[in-house]
Amino acid sequence: QVQLVESGGGLVQPGGSLRLSCAASGNIFSIYNMGWYRQAPGKERELVARIITGVNTNYYADSVKGRFTISRDTAKNMLYLQMNSLKPEDTAVYYCNAFLSIMGQSARQYWGQGIQVTVSS
């Protein structure tokens with residue numbers, strides 16, 4: 001059983017910052033990539049940022065480039081998203097995602113439960 005648990009969301013004013021964290025736990029054998037998605041009301045879920053094991057370049061959606069930074073602590077199985085210069089359009093439920101394998105099984109996608117980020121004055 002694998003669990004992804006997000007924390008760090010909340011309400012912030014435009015221009016402010018938040019740091020999201022995601023803790024991965026369970027009988028994890030190997031993590032191939034981890035990322036953050038978001039879904040705003042009435043919109044489809046979109047990829048915000050992704051970090052791939054062994055690759056030096058991270059992916060960012062154009063809408064967050066230069067403002068968001070994804071990072072990972074591989075020893076602790078933690079994923080982070082530092083969000084700066086937040087805008088009202090960043091308001092969404094943010095989901096942690098991982099493509100990983102557990103002992104004896106093929107790799108597949110896992111999702112956290114989601115955490116609300118609201119940017120409003």
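This note walks through the disulfide, the salt bridges, the core and a few selected residues of the structure.

1. **Ground rules.** This is a predicted model: local features need pLDDT of at least 70, side-chain atom pairs count only at pLDDT 80 or more, and totals for chains, interfaces and linings use all residues. Residues are numbered from 1 along each chain as its sequence is written, and side-chain values use heavy atoms, with hydrogens and water left out.

2. **The disulfide.** How many disulfides are there? The count is one. A disulfide here is a pair of cysteine sulfur atoms within 2.5 Å. Cys22 and Cys96 form it, with their sulfur atoms 2.1 Å apart. The pair links distant parts of the chain: Cys22 sits in strand 3 (residues 18-26) and Cys96 in strand 9 (residues 92-102), 74 residues apart. Strands (E, at least two residues) and helices (H or I, at least four) are DSSP runs, numbered from the N terminus.

3. **Its handedness and setting.** The torsion about the S-S bond of Cys22 and Cys96 is about -80 degrees, so the disulfide is left-handed. Are the two cysteines buried or exposed? Buried means under 20% relative accessible area, exposed means over 50%, and partly exposed lies in between (1.4 Å probe, protein chains only). Cys22 has 0% relative accessibility, so Cys22 counts as buried. Cys96 is buried too, with a relative accessible area of 0%.

4. **Salt bridges.** The structure holds four salt bridges. The rule asks for a side-chain nitrogen of Lys or Arg within 4 Å of a carboxyl oxygen of Asp or Glu. One of them joins Arg38 and Asp90, at 2.9 Å from N to O. This pair links distant parts of the chain. Arg38 is in strand 4 (residues 28-39), while Asp90 is in the loop between strand 8 (78-83) and strand 9, 52 residues apart.

5. **Asp90 again.** Asp90 also forms a salt bridge with Arg67, with the closest N and O atoms 2.7 Å apart. Arg67 lies in the loop between strand 6 (59-60) and strand 7 (68-73), and Asp90 in the loop between strand 8 and strand 9, so the pair ties together parts that are 23 residues apart in sequence. Which residues make up the salt-bridge network? Arg38, Glu46, Arg67 and Asp90 are linked in it.

6. Asp90 counts as buried because its relative accessibility is 0%. Arg38 counts as buried at 6%. Arg67 is buried at 10%. Asp62 counts as exposed, at 66% relative accessibility. Asp62 forms a salt bridge with Lys65, the closest N and O atoms being 3.1 Å apart.

7. **The nonpolar core.** A nonpolar core is a set of buried Ala, Val, Leu, Ile, Met, Phe, Trp, Tyr and Cys residues joined through side-chain atoms within 4.5 Å. The largest one has 34 residues. Those with the most contacts inside it are Met34, Trp36, Leu81, Met83 and Tyr94. Elements that give it two or more residues include strand 1 (2-7), strand 5 (46-52) and strand 11 (115-119). Which strand gives the largest share of this core? Strand 9 does, with six residues. In soluble globular proteins, nonpolar side chains tend to be buried together.

8. **Asn97.** Asn97 is in strand 9. At 1% relative accessibility, Asn97 counts as buried. Its side chain makes a polar contact with the side chain of Gln109, at 2.7 Å. A polar contact is a pair of N or O atoms within 3.5 Å; within protein, one must be able to donate a hydrogen and the other to accept it, and residues adjacent in sequence count only if both atoms are side-chain atoms. Leaving aside neighbours within four places in sequence, the residues in contact with Asn97 (heavy atoms within 4.5 Å) include Leu4, Met34, Tyr37 and Trp111.

9. Asn84 lies in the loop between strand 8 and strand 9. Asn84 counts as partly exposed, at 30% relative accessibility. Its side chain makes a polar contact with the side chain of Gln82, at 2.9 Å. Gln82 in strand 8 is the bridge partner of Thr69. Strand 7 and strand 8 run antiparallel, joined by six bridges; pairing requires that DSSP finds at least two bridges between two strands. Their hairpin has four residues between the strands, and in it Asn77 takes a positive phi near 55 degrees.
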